[in-house]
Every structure is written in structure tokens, then in C-alpha cells.
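Please look at the strands, pockets and charged pairs of the structure shown below. The questions that follow take them in turn.

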Amino acid sequence: MIDDLLTHLATVVDDAADDIRATADAIVATGRAGGLVRPAGAGHSLAAVLETFFRAGGIAFVRPMWHERVLPFAGASASTTSEREPGLGRGVADAAGIESRDTIVVFSNSGANPYPIEIAQAGIEAGATVVALTSLASSAAAPTDRAPVRLADVATIVLDTQVRAGDASWPLDAPVTAPTSSLVTTALWTAILREVHDRWPDAPRWRSANVAGSDGANQALFDELVARIPELR
């Protein structure tokens, strides 16, 4: 029933192997330099941002960039309007204080709206490495009047999710349901974390709060990072 999905995930990760390794290199360099990984996204791409932050087994030096107006729970229709609003992403990025030692990871299926593009542009201007997880097919099919460039045109590293325009996957011959972008971005992020581990086995990582003995290790990380990552409070 999901053989096509498994094949898609394997194909995407294999095709993106060089970019996955390059992203891991950037993240390790960021961590060793005392910088931060700065994920961003809008709408349902915020699910991918959440996957990177304060996550059991995830790297600890992550501070998300986001605005409540692009969160669907704060108003679904309004969140769609907000990510198309010029200036909102730039304001979020400017307030974040991006540094050249940071790695910016922008999740956006279409890569066509101002919010993610402006964050990526701000990262480039700050001298940071900017990684885009986006669908080139979706970008090509998206309206062209929302921003003068696509996210993929701006980023330092592009990981193509190869998600169909419209994000649906079922039925195979005329898909209308079962979106795949969240699955693919999670698979790519998981592959990146594996590569980070292979380069830096002792990188600071969160442990599951539901495993005995984890609280002390997590508290030590919290004490070390909370001043730079106030979202941990």
C-alpha cells in the first residue's frame, strides 16, 4: 500500500546524497564555531521546523525562526495570506540576529512565497550557509507573481524533495490526497542527522525525557544554551 512512498523516499535521499553531506558539514562547522542552526518555514512546513527543535535525538544548538501569523492554528486562512506578505519574513530574520557562523534551514514545498525567500536572502546577506528543502517541481508550477525569485535560487544548498505539484500522492494516476512533503522533509532531516553524527559523534543532543537518566544531561544542555535560545524556557 505504501511501496510507492518508500521508493520515493529512497530515491530522494539517494539523489540528494551530496547535498545531505554538505548540509551535515555546514551544521558541524556551525556547532563547533558556537553558532546556531536556524530552521524556518510557514504553514505546514512548520511541522518540519518542530522536528528540528528540542527533539529527542536531535541536535541541541537549534533556534527556530518563526512568526505566530504563519502558524495555521493561529488562523488557517490568515497563515496562508501572511506567508505571501512581503516584509514579514525579512522582519523575522532581522529580529533573529543571524550570524555568519549559523546555518539557516528553510523548509518550503513550493519555495515561491516571500516569507521563506526573505529569510533565506537575509541569511545569505549575513554570510550564513542557507539550506533549502523544497520541491523544484512544485516551485516550477507555483504562481510566478509572489516573489521575483524562488527559494532554490537563493539558497547555498538545495535538497529537492521531488514532491509533485499540489503535494498529493494518491491515487497514483490522479492524486488528490495523501500529501508527502512532510514525510520527505523528515526523511531528509533524519539523513542529515545521521551524517552529523558520523562527523561529530559527541555533538550536543537532546535525550528523551521519558528515558531514565536523561533529565540531568538535558538540564546541563538547557543551562548552557538557554541564554542563546530563549525558546527553551
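Q: Which residues of β2 point one way, and which point the other way?
A: In a regular strand the side chains alternate between the two faces of the sheet. The residues of β2 on both sides are buried, that is, under 20% relative accessible area with a 1.4 Å probe and protein chains only (over 50% is exposed, and in between is partly exposed). From β2, I104 and V106 point to one side, and to the other point T103, V105 and F107.

Q: What pLDDT do local features need in this model?
A: Residues are numbered from 1 along each chain as its sequence is written, and side-chain values use heavy atoms, with hydrogens and water left out. The model is predicted, totals for chains, interfaces and linings use all residues, side-chain atom pairs count only at pLDDT 80 or more, and local features need a pLDDT of at least 70.

Q: How many residues of β2 are buried?
A: Strand β2 covers residues 103-107; strands (E, at least two residues) and helices (H or I, at least four) are DSSP runs numbered from the N terminus. The strand is largely enclosed by the rest of the structure, because the number of its residues that are buried is 5 of the 5.

Q: Which residue of β3 stands opposite F107?
A: Strands β2 and β3 run parallel and share 5 bridges. Strand β3 (residues 129-134) is mostly covered, with 5 of its 6 residues buried. The residue of β3 opposite F107 is L133.

Q: Which hand does the β-α-β unit of β2, α6 and β3 have?
A: The unit runs through helix α6 (residues 114-125). A crossover is right-handed if the path from the first strand over the helix to the second runs clockwise, with the strands pointing away from the viewer. The unit of β2, α6 and β3 is right-handed.

Q: Which residue of β4 is the bridge partner of A132?
A: Strand β4 (residues 157-160) runs parallel to β3, and 4 bridges join them. The partner of A132 in β4 is V158.

Q: Which element gives the largest share of the lining of the largest pocket?
A: A pocket is an open set of points on a 1 Å grid where a 1.4 Å probe fits, with protein on both sides within 12 Å along at least five of seven lines, and its lining residues have an atom within 4 Å of a point. The largest pocket holds about 550 Å³ of space, and of its 31 lining residues the closest to the centre are A42, S45, E83, N109 and S110. Two or more lining residues come from each of α3, α4, α7 and α9. The largest share, 4 residues, is that of α4.

Q: How many charged residues line the second largest pocket?
A: This pocket has a volume of about 190 Å³, and its lining consists of L46, A47, V49, L50, F53, P64, W66, L71 and E231. Asp, Glu, Lys and Arg count as charged. The lining has 8 nonpolar residues and no polar ones, and the number of charged residues is 1.

Q: How far apart in the chain are E231 and R63?
A: A salt bridge is a side-chain nitrogen of Lys or Arg within 4 Å of a carboxyl oxygen of Asp or Glu. E231 and R63 form one, at 2.8 Å from N to O. E231 lies in the segment after α10 and R63 in the loop between α3 and α4, so this pair links distant parts of the chain, and E231 is partly exposed at 31% relative accessibility. Their separation is 168 residues.

Q: How many residues apart in helix α2 are R21 and D18?
A: The closest N and O atoms of their salt bridge are 2.5 Å apart. R21 is partly exposed at 34% relative accessible area, whereas D18 is exposed at 56%. About one helical turn separates them in α2 (residues 17-32), because their distance along the helix is 3 residues.

Terms used: Grid points are joined across faces, edges and corners, and a volume is the space filled by probe spheres set on the points. Two strands pair if DSSP finds at least two bridges between them.
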